[in-house]
Structures are given as structure tokens and as C-alpha cells.
Amino acid sequence: MSRRVVVIGGGVIGLASAFSLLERGHRVLVLERGPEGHDCCSLGNSGYVSPSHFVPLAAPGVVASALRWMGDPRSPLYVTPRLDPEWIAWAWRFWRAANRRRAEAASPCLRDLLVESRTMFQGIANAAGDEIGFRRDGLLSLFETEKAFDAERRHAERARAFGMSVEVLDAAGIAALEPSMTLRAVGGVLYPLDAHVTPHRFHAALARLVSERGGEFAWGADVTGWRTDGRSVRAARTPAGEIDADEFVAASGAWTARLLRPLGLRLSLMPGKGYSLTLPSPRERPRRPILLQEARVAVTPMGDSLRVGGTMEIGAFGAEINPPRVEGIVRSFTRAFPAFTSSDFAGIPPWSGLRPLSHDGLPYVGRFARYDNLSVATGHAMLGVSLAPITGELIAQLLSGEPTSIDLSPLRPER
């Protein structure tokens, strides 16, 4: 049965949800608080489609690393503490989740989501006429130290156990894969199943596909409140008036927790700011995406350009640029790729975006127990692009009364 669905959020998760809902015959309106052509947390990211990233952010050792790096504003991970109950509660739950038992329990679910989503990207690329820049060249992880390389070998064995193809490479093997690049690395691991897209093209293609299938958009539509009736949400309130629907999907990224607060719902969610710089005419360009593991710097070829991104700055809303964070990215990049210098980045404007971080590293996908017609799709951290197709499909299956292709119980919003 066709239903009127309001999707709140015009990023890749909201658009993928709208696309899959329209494919099933629902009537969809996307509410976006930004203007048409707005920026969102995925437009400037690295575009990875990464089944290899099946270990959640809340992993063993991450809390110790965060504490160690708090005195270094150029570090890969930086925490901005806030003296408010929401931040303290999230940090406590993150600390409790960041252990081996819980990370290993979460990894199979994350793997299933990532692998199925990777498969779905080809269908979207076909529907969009390949305008999303979908490339299936794998991902090459590089290492400065033997210690980090040894740790990745263990991750590679887990990837093999999960049925993924993996190639462990010495320096000569890396040079053979990337003959045009000048590299400093003791070793690397190639994940052939990984792929990448050009994020702004992916976002634009999704918006076009939604529009072509009859989806509607309301730009500058900031949801300021709700009208409810018992277990049902009846309308979303905006400055232009109330908007009624049969179903509502909250997909507003890092702002989703604030969106839901007037309904008495608490979502354990924090913003994680990331940065990127895009070189339009790089001195060298790799054949495939490269991840500098110790520095957590992602390097992605996008057409003739090269995007360099990284860092995780947890806890602060706002798009302000923190110069030491950008300096840390450039320093790590030029150390690994000595043909480049910091002067290559002179005049390149840094981009920043806020990733929505759940406390346990798994996204929130599903209905709230309190309301029969309110669903959520957020908390994807660095995997928003990777997980957009499967998230949209799961939301569409749920709202259409179909069995979901992946068990949603680990992703329930009240966990």
C-alpha cells in the first residue's frame, strides 16, 4: 500500500531512503533545513565504499589513543569535552562499548551491511548512468611502522575469515601496484572488494533519481517541532507550517538527536568533525584510494583531482576550521608521499563536515518503540556513503511491511 512518507534530511542517507521508498511506490517528501545545493557531511569526504571497515569506531584501544592524543591538536583523533549531561552520557557509553567482546560482536553485522551495500552500488551506478564516479579498484592500506603493519595483518586474517579477498604486500608489491607514486611505507594490505565514488556526484545523482521518480523536496524546511496523537506522529512543524504524513524518517545526520528531543526521545549521538583538501592538479595520482593507517588519512583519486582527508574531532558542533587539524593531515600526507610538500596545499580551501557518531559504532536504523510511524536512519560515522544504499533499502523494507534483508535488532535506536 502506497504511503505518504516524509524524510527529514537531504544528505546521502535521507536521499537513499527516499529513492528506495519511491521504488516501492510510496509518495515521498524530503525536508532539508539547508538551501538547494546545500553542503552536507558527505560532500567533501573520501568517497570510500569499504567492506574492509567492519571494525566499529568503538574498538579496543581507541579510548587510550584518544587520551594520549588530547595534548596534540594535530593528532588523528581529538576529543572536545563538553560539560553537559548529553556529552558525558555518550562518552561513558562509548567507553563501555570500546572493548574486544563488543567490537567482535558488532563486526559481523557491520560486515553484512557493508558487503550488501557495496553490491547495491552497481545498481545505483547503472540507474544514474555512472555519473557517481563508481570505481572498483580496491583500497590500499599503507603502514609506516612494523607494529601497525602486524596489527593490520591480524585484521586481514579476520577479513579473510569473513570471506573477503585480501593481499598482504611488501614495499616491492606496493610499488608494483602504484608505479607512478613515490611512497614511504614498510608494507601494505590491499582490499580488492573495496570501491569508491565521487561524493558530490553521488549526492547529486541520488537527488536527481528521487526527483525523476516523483519525489518532492522542501528546501530551507527546518523542523522545529512535532504534533503527535498517542503512539502516532501526525505532523512535523516547520516555519512554513505543519506537514502531515503517514510515516516519518529522521535522517538528519549529527543533528538527529536534537531533532527528536521534543518528542521525548533520547538518541546517543555525537558529532565527529572531519576535514579534507582537494588538489585539482596533483603532482602524482594513485590508481586507487590509499589509507595511511597510523595517521588515519584517506587519499582518493577523483577524476583528475586528489582528495586528502582525515581526523576525527569528537564533540563540537559547527563547521569552524581548526588549523592544527588541517596541518596534521598535510604533515602526515607529505611524510608518506615525499614528492609533495606543504606548499602544494597553499590556497586550497579546507572542507569540514560533521559525522554522526553512535556510542557503539553501529548505525541507528529502525523504528522507535514509543511511536508506530517514526523511524530513524543515522549514526553511520565515517561510513555514511558506504552504507547509504543498504540503509535506504532497509528503511523502505521496514515501512513497506517487508521482512528486512538484515536483522535490525543490533541497530535499534533504543539500544
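**Rings in pairs and under charges**

Modeller: R258 sits over the face of F317, 3.8 Å from the ring centre. This is a predicted model, where local features need pLDDT of at least 70, side-chain atom pairs count only at pLDDT 80 or more, and totals for chains, interfaces and linings use all residues. Residues are numbered from 1 along each chain as its sequence is written, and side-chain values use heavy atoms, with hydrogens and water left out.

Colleague: What makes a charge sit "over" a ring?

Modeller: NZ of Lys or CZ of Arg must be within 6 Å of the ring centre and within 35 degrees of the ring normal. R153 also lies over a ring face, that of F149, at 3.8 Å from the centre.

Colleague: How many aromatic pairs are there?

Modeller: Twelve. Rings of Phe, Tyr and Trp (its six-membered ring) pair if their centres lie within 6.5 Å; planes under 30 degrees apart are stacked, over 60 edge-to-face, the rest tilted.

Colleague: Why is the pair of W255 and F317 called tilted?

Modeller: The centres are 5.8 Å apart and the planes stand at 50 degrees, so the pair is tilted.

Colleague: Why is W255 called partly exposed?

Modeller: Buried means under 20% relative accessible area, exposed over 50%, partly exposed in between (1.4 Å probe, protein chains only). W255 has 31%, so it is partly exposed. F317, at 22%, is also partly exposed.

Colleague: What makes F333 and F345 an edge-to-face pair?

Modeller: Their planes meet at 90 degrees and their centres are 5.6 Å apart, so the pair is edge-to-face.

Colleague: How do you know whether F333 is buried or exposed?

Modeller: Its relative accessible area is 0%, so F333 is buried. F345 is buried too, at 7%.
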